[in-house]
Amino acid sequence: MRIALTVIFGLWGTIQVRSQSFIPEFKTNLDSSNGIFLMRQCSRSVPENVSGFYNLTPETIAKLERDFHKITSVKASACCLVGGRIPELKSYGYQYLGIEIEGRKYIYVNAFPIGDKQIMEAFHKDWKTKPVVVCDGGDAYWGILYDVQKAKFSQLSINGVG
């Protein structure tokens, strides 16, 4: 009986983790050589004191995506959204970039609207290999920092409105 309960609770934990994971349909892992360009957002703040960039591993990306659901609980310091949060994740495409700040590894997540897939890919045709940087755009464009070691998101920043 004890073994059966252990197996059941073990499976339940696995099911809960999988149900909370969010794996975006539109995502890309940007090469570290794009770092300087992605950090040049024109209407939102980006992390300060970035000392370098690194290429992400599949394991690190999997960890990020296991925690992706936590983004909706992070509040932006200044923004246009009601309540200052991202209400849902499915409407966006994502670019991932490994960044280093004061010797620690982070992932910067750059988000942009998908809308219609054909329109999105026409408007952002190089989104899989080049940073998406848009001036203004409001809450359709945002970025957030993920602390790989702490498995925590912070510094949600949303584009301004022009």
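Guide: A disulfide is a pair of cysteine sulfur atoms within 2.5 Å. This model is predicted: local features need pLDDT of at least 70, side-chain atom pairs pLDDT 80 or more, while totals for chains, interfaces and linings use all residues. Numbering runs from 1 along each chain as its sequence is written, and side-chain values use heavy atoms, without hydrogens or water.

Visitor: Which residue does the disulfide join to C42?
Guide: The whole structure was searched, and one disulfide turned up. Its sulfurs sit 1.9 Å apart, and C42 is joined to C135.

Visitor: How many residues apart in sequence are the parts that the pair ties together?
Guide: C42 is in the loop between α2 (35-38) and β2 (50-54). C135 is in the loop between α4 (117-123) and β5 (142-147), so the parts tied together are separated in sequence by 93 residues. Helices (H or I, at least four residues) and strands (E, at least two) are DSSP runs, numbered from the N terminus.

Visitor: Is C42 buried, partly exposed or exposed?
Guide: Buried means under 20% relative accessible area and exposed over 50%, with partly exposed in between (1.4 Å probe, protein chains only). C42 has 39% relative accessibility, so C42 is partly exposed.

Visitor: Over which residues is the pLDDT below 50?
Guide: The chain's mean pLDDT (the predictor's confidence, from 0 to 100) is 85, and 83% of its residues reach 70 or more. One stretch has one contact (heavy atoms within 4.5 Å) beyond near neighbours in sequence, and its pLDDT is below 50: residues 4-19.
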